[in-house]
Amino acid sequence: MERQNRQAGSADPLSLPVIDTDTVVIGAGPVGLFQAFQLGLLGLSTHVIDVLPEIGGQCVALYPDKPIYDIPGVPLCTGRELAQQLLAQARPFLPADDSGRINNLHLSDQVASVSQRADGGFAVATVHGLNVRCKAVFIAAGAGAFVPRTLNVPGLNDATHVPSNVHHYLPAPHALDNTTASWANQAVIVAGGGDEALSAIIALDQVPTDARPALLTLLHRRDQFQAEPALEAQVRELMAQGRVQLALGMPSGASLENGRVTALQVLGPDEQTRTLPLDQLLIRQGLSPKLGPLTGWGMTLERKQVSVSPDTFESSIPGIYAVGDINTYPGKIRLLVCGFHEATLAAHAAAAALRPDQPQHLQYTTTSALLHQRLGLI
Ligand SMILES: Cc1cc2nc3c(=O)[nH]c(=O)nc-3n(C[C@H](O)[C@H](O)[C@H](O)COP(=O)(O)OP(=O)(O)OC[C@H]3O[C@@H](n4cnc5c(N)ncnc54)[C@H](O)[C@@H]3O)c2cc1C
């Protein structure tokens with residue numbers, strides 16, 4: 001299975017070489033992925049960047065297994081299936097190397113700044129030190145960068161100094177399923193009471209016996225979950241079998257040692273504070289969108305959305321386009337199909353602006369030899 005890129009930890013901004021490309025797409029949600037496809041069809045290279053460790057934006061982060069019924073020509077698919085199909089479609093322009101790495105898809109990294117360059121292009125910089133020079137920017141940032149909600153405990157919610165054994169995402173299966181895996185035989189606490197937390201508990205319970213955590217605890221403020229009934233039933237069964245412990249209460253403090261958290265203090269419903277020792281803490285309390293750095297990039301915003309012209313989807317800064325849920329214009333509807341339309345028109349507008357001397361002939365994917373060549377079909 002192909003590996004989608006992850007940035008491991010933070011890097012020295014100066015140590016990463018500058019990337020030159022035609023365009024940058026900010027956001028690997030459904031609209032950002034389709035934007036990359038449309039740009040590729042028009043012969044424009046692109047790099048796609050998303051703060052989440054997975055592609056798919058809201059479709060994967062908020063409703064991966066829920067059905068979508070209103071994609072043209074697709075009577076039914078889930079959020080995750082749609083994201084995978086969009087990636088498959090964009091594959092000619094987001095190619096994987098021999099190791100499965102997609103070099104122009106950058107996940108787990110947040111775009112921090114977009115600034116205009118003297119040559120009329122843009123410099124895009126991320127929090128992990130990626131620097132990209134491009135001619136046009138496509139903001140497909142949805143409701144903003146999705147960042148995980150954390151626990152409101154001193155020492156755990158400072159985004160710049162997260163203890164090394166505090167996680168917000170489950171490690172990839174290959175990092176969990178052998179005896180040398182870092183969570184084998186460890187005391188693991190999963191905090192949360194929704195689908196994400198319960199799915200993580202089930203996934204951790206299912207790793208092979210010799211790689212399984214020695215103690216698996218679900219920490220939630222009360223003995224009621226906000227999860228799919230089927231997930232809850234599975235987790236209740238694991239509790240009944242003694243494979244998973246339930247700890248009830250609000251975390252009130254954390255013991256820290258050498259950059260790691262060694263225990264949580266939890267105030268229980270009986271008003272008693274208990275100490276829960278731990279080796280790994282996985283906080284799965286959902287994601288919240290943060291508009292964050294985007295507000296400082298200079299485009300005109302209207303109620304936290306980027307104002308665009310409805311024929312080109314260009315923002316108030318020429319060369320910066322905004323598509324999907326992040327934009328606003330008269331008649332805007334926040335539906336996938338509208339975002340796909342916007343991405344198509346924005347790509348054509350950008351191609352015309354970047355190649356003013358070349359006539360823009362509309363080509364069909366069914367019949368155009370040029371498009372077949374770009375799609376790698378001939
Ligand atoms: C529960 C639910 C059900 C829905 N059902 C339907 C439906 O049935 N039909 C339909 O048409 N629509 C539906 N929608 C709406 C649909 O999901 C959105 O319209 C769509 O996801 C918008 O896509 P997008 O790519 O614009 O934004 P998103 O999906 O929000 O993706 C934006 C991406 O940009 C990333 N990002 C933002 N800022 C940065 C940054 N600075 N740096 C790096 N990355 C960044 C975010 O992390 C995110 O991954 C539903 C929405 C919800 C919440």
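Ser-288 touches Ala-145, Phe-146, Val-147 and Arg-149, once its neighbours within four places in sequence are set aside. Keep in mind that this is a predicted model.

**Ser-288 and its strand**
- Ser-288 sits in strand β20, which covers residues 287-290.
- With a relative accessibility of 13%, Ser-288 falls under the 20% cut-off, so it counts as buried.
- Its side chain makes a polar contact with the side chain of Lys-290, at 3.4 Å.

**Domains**
- The protein chain splits into two pieces: domain 1 takes 13-147 + 288-374, and domain 2 takes 150-285.
- Taken over C-alpha atoms, the centres of domain 1 and domain 2 are 34 Å apart.

- Val-337 is part of helix α6, residues 336-354.
- Together with Ile-333 and Leu-335, Val-337 makes up a nonpolar patch on the surface, and the three share about 230 Å² of accessible area.
- Val-337 comes out as partly exposed because its relative accessibility is 35%, between the 20% and 50% cut-offs.

**Glu-342**
- Glu-342 also belongs to helix α6.
- Buried or exposed, what is Glu-342? Glu-342 is buried, since its relative accessible area is 0%.
- The side chain of Glu-342 has a polar contact with the side chain of Lys-332, at 2.9 Å.
- Leaving out neighbours within four places in sequence, the contacts of Glu-342 are Phe-313, Val-323, Gly-324, Asn-327, Tyr-329 and that Lys-332.

Technical notes:
Residues numbered from 1 in each chain as written. Predicted model: local features only at pLDDT ≥ 70, side-chain atom pairs only at ≥ 80, totals over all residues. Heavy atoms only, no water. Helix = DSSP H or I, 4+ residues; strand = E, 2+ residues; numbered from the N terminus. Buried < 20%, exposed > 50% of the residue type's maximum accessible area, 1.4 Å probe, protein only. Polar contact = N/O pair within 3.5 Å; in protein donor to acceptor, adjacent residues only side chain to side chain. Contact = heavy atoms within 4.5 Å. Domains from an automatic or database assignment. Patch = residues over 30% accessible without salt bridge, like charges linked within 9 Å, V, L, I, M, F, W, Y side chains within 5 Å. Areas by Shrake-Rupley, 256 points an atom, 1.4 Å probe, with all protein chains shown as cover. Salt bridge = Lys/Arg side-chain N within 4 Å of Asp/Glu carboxyl O.
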